[in-house]
Amino acid sequence: MHGKQIMALKKHTNPQDELIGSTEGIHIVDAGAGTGKTYSIVKRYGNILDKSYKPENILLITFTKNAAEQMREKVVKDFSEKSGISRLLEAPIMTFHAFCSRLLKKSGMNSPSYLGLDEFISGNFSLAEDSSFEEEMFRKFFMTFSGINNEKYESIQYALEGKVNDVLSVIKKLCSVGIFPSANGWSESDKEKLKGNYELFSERFDRMNEIRKGERGDKQSLLSEKFKNTVRDKLYKDFKEGDVYAVKNVNPGIKESIFNDEAQELFHEFINDVYLSYIEYMLKRNQLNYEFMVMFAYLVLYNNKNLRQNNQFEYVMIDEFQDTDELQFKIILLLCKNMNGIANLCAVGDWKQGIYSFRNTKIENITEFKNRLSEFADELNKDEKRIEFDTGDHTKIIFENNYRSSDTILKFSRGTLFVSATAEDEVDEDFVSSNFAEPLLPERKLEDLTEIKFYKAADRIDECRLVLKKISQLINEKDKYKIRIFENETGKVAEERPVMYSDICVLSRNKKFCHELQREAMTAGIPVNYSGGIEIFASEQGVLILAWLRLLLNEKDISGWIPVLDKEGYSFPEVKYFSDNFIKENSVNSDLIPADLFEFLRHLKTFRNNILFAVEAILGRYRYYDETANKLIAVIQQWNSSELISLNELVRIIENSANAEFDTESGNTSDAVLTQTIHASKGLEYPVVFIANVNEKIFPDTKGDKGKIIFNHSAGLRAKTFYGTNGSYNYIFNNWKTDLINAVTKNPDYAEERRLLYVAVTRAKQYLYFTSHRPSPFFVQTAGKSGSEIISDFEYEIIKNKTEEISVSEVTADESDVDKGRKFISPHALMENLIDESADTVTEENEYSINLRNKNREFGLMIHNIANKTANGIEVESDIEEVKRIKEFIHSLKADKLIAEADFLYPEENRTIRGTIDLLAFYKDRVTVIDYKTDKDKKNIEKYKLQIQIYKNSIKSIYKDKEAEGLIYFVSLDEMVIV
DNA sequence: GCCCGTCTATTTTTT
DNA sequence: ATAGACGGGC
């Protein structure tokens, strides 16, 4: 009876119900992995609706497009009766960045004036989404900036040694903590922040500089040891060992003088100037990056009381709060409406899953919520009362009930936050213990259908094979390994079945292992798909494009010929012979080059003035029409269309963008193992998880920081190098003062590596395996904690997948099956489903048809590119008839506003249509949807009409006050068709 | 046991 | 370029 009472009490105070029920006031929710976070947020949303609040007054913020889409889908599904579908479809449920973008487009025009800039933000600004694209833009900007400011900052520019990206990244970092430049220089409070925090520094200095007690007497201090390591092989000026070191530690007398380093003052001024000029440069080009977009949204809300109040919400909920930075926290506060002294704010997150500090997010936003809440409110109220609600009071709710993992895995997962990453690394155990209670018993009873094991392999390849062996065992020993499925609502067992490939996920700290595993799996006959980023310019397609473009630039360029010859099948000695003898007395020995390659180069030269044509021709030569090829074209087109670039520049950009990435799912079998990085796996769950590649220097990652500039709270902003003279010689010296401060203030973020381990472990529901071939401390220590042996002699025959390969087209057709949630579908795909397929006569592809298709595609791309430029007010000169026509056509529209290449998203009942409209022309009472076609006839017109119809419907639902009409412009025929 | 020189591998990714 | 691991010299 006593027990029953406790049960009842517990049920009543289930933290989930507590959150769902309490809608008023400030709530911070610590919701661990698998605790039903999304479920609770949606339920709570419904509760707020019940109190007769309108969807437009409830802001629900997430961080990924997918999460926002999912959240809206659930809300629409559950509450359409309460509020009506159309209202919920338009409710503010969106990503943080989408919200900022919308705010700026609506009310951000004058925002730059708050920095003292004359530029405006126009409603159709574009975002620099691609990092290599932005880096190149910054490089270009910096060259001009250097030219203008050469006299003042010459020495600083030398000291940077061309590492321009370091400047860009520190600017973004400053932006994310709310330090902005201005035409009048840094504000007084920002100046202080850039100097650093001496108290904090001093305290850490003393702590690290304590002489340690060793077994044979005094041991040098940690700081002394660390700094001696740093000093090796460095060129310092005025560095006197006798002054810097005492007997067993660093001389404490130099503490204050190294901190107040006068050399940094000009550097701070330099950063302000670069920062502000770069913002100005981007605005002039109608460009923003993500950081500046958030900054301008903040400036609007901070400075304009009217706009602030007009944009506030009665209810604000934010998910994944551990992924916010300091500036985003402040924006959230500014968005809360003052409801009689109270704000209805609910921040949900899990500090243990904070793994994005490389983009400046702060888990302290959760762990120090109370302090930050009042601290940030004070800062926002500095000169004017902006936060009027009470920030002294809030409720903290902790979700403890786990609905995902087995008892064994759940217990084990907590321990991963206590393993040290190196021999020296000390875990802050008090911090973890006080912020993470022992887990309750899990809700899902898995009994014996669970295990955690550790396997050691001999080498890299063997580790991949080991994973595949274990996968084979899981699949084939059907009596031993079973997947238990539970009913969602009741928690009852619904099904027990054998393991399928798609139940299994192999995680790695880096992408490299994922690719290796996929390669090995292909040989072994195990289906493995990869999901995540691919470096496109490292792909074969990318390498060949770069090679040919180099040759186009300079046919003597041996670095161009080598990949080309390699692709032609020449052996290594042959290529070597070629490279040794290709150039004799500075002239080309062209006899060595196969005639058809020379011929192709001549063909390419006719495209010298149209880079996109050249790229298309290269891809066409090798018959690349795959996803990677399309992405390459799209990336190069983006670079090409922002500003006309020369071939020279393009080659340099590609050389510098080896890491340009795009997301992909590779492999096309439906029942397959998935491999991905731990970062990519966040938010997902799998019955079987492998944490592979737990190897030395990989996981935990112990890489240092190579940047030329440091910035953190206690050290402030400092350059690591400076330009100076030594006698009559000029050198770039390292600044030993900065290095020493860095040794004191930089805390290697192994806590984040541990959180990454925690994220990986908590993906698993039933079976969890670790593999390694050079065990790192994580592997050894977690094995110890679990009490398992490390198995080094595991053998199992890899049994090839017997199920039939499913072709790509079958998988695509499968997508009409919408049971698994909302699908994204393009209008083209939609049309394919709607139109009778017999209308298209399928012809076998031959060389001619491929050539023709390629030519047509080139032409279509060029026309679209030119139309895009014309619509954006960029004049294009050309003698081509079609180009003249399209220019004339666009001018003849006489629209109030034109938006070219408009991306749009239109949710229908169970799918979302996603596409790009060539051109939208806005008039007072109507919008015209325009699509260009370069066809030589109108035989596909019915198809096109349908496409336009879909666009029109979508547009009509977005711009309710306007009529929508459709227009197809057949450029080659010079004919218009109204739809 | 302590210190120092040498060796070894070297990113994660959303908007 | 960096930091941790390792091993030789004392």
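Start with DNA strand C and the residues around it: Lys234, Thr422, Ala423, Lys697, Thr702, Gly704, Asp705, Lys706, Lys720, Lys746 and Tyr750. Of the atoms of DNA strand C that come within 4 Å of the protein, 81% belong to sugar and phosphate. Keep in mind that you're looking at a predicted model.

Now color that surface by class. What do you get near DNA strand C? You get six charged residues, three polar ones and two nonpolar ones.

Zoom in on two of these neighbors. First pick lysine 697: an N or O atom in its side chain is 3.2 Å from a base nitrogen of DNA strand C. Then pick tyrosine 750, where a polar side-chain atom sits 2.9 Å from a phosphate oxygen of DNA strand C.

Next stop: select Leu235, Tyr729 and Tyr731. These residues form a nonpolar patch on the surface, and together they have about 310 Å² of accessible area. Click on tyrosine 729, which you'll find in strand β24 (residues 729-734). Is tyrosine 729 buried or exposed? Its relative accessible area is 55%, so tyrosine 729 counts as exposed, the cut-off being over 50%.

For a contrast, head to helix α29, residues 611-621. How many of its 11 residues are buried? The count is 10, so this helix is mostly covered. Among the buried ones are Phe613, Val615, Glu616 and Leu619.

Notes
Residues are numbered from 1 along each chain as its sequence is written. Chains are lettered from A and ligands numbered from 1 in the order in which they are written. This is a predicted model: local features need pLDDT of at least 70, side-chain atom pairs count only at pLDDT 80 or more; totals for chains, interfaces and linings use all residues. Side-chain values use heavy atoms; hydrogens and water are left out. Buried means under 20% relative accessible area, exposed over 50%, partly exposed in between (1.4 Å probe, protein chains only). Helices (H or I, at least four residues) and strands (E, at least two) are DSSP runs, numbered from the N terminus. Patches are made of residues with over 30% relative accessible area and no salt bridge: like charges are joined within 9 Å, nonpolar side chains (Val, Leu, Ile, Met, Phe, Trp, Tyr) within 5 Å. Accessible areas come from the Shrake-Rupley method with a 1.4 Å probe; for residues, only the protein chains shown count as cover. A salt bridge is a side-chain nitrogen of Lys or Arg within 4 Å of a carboxyl oxygen of Asp or Glu. A residue is near a molecule or strand if one of its heavy atoms lies within 4 Å of it. A polar contact is a pair of N or O atoms within 3.5 Å; within protein, one must be able to donate a hydrogen and the other to accept it, and residues adjacent in sequence count only if both atoms are side-chain atoms. Ala, Val, Leu, Ile, Met, Phe, Trp, Tyr, Cys and Pro count as nonpolar, Asp, Glu, Lys and Arg as charged, and the others, Gly among them, as polar.
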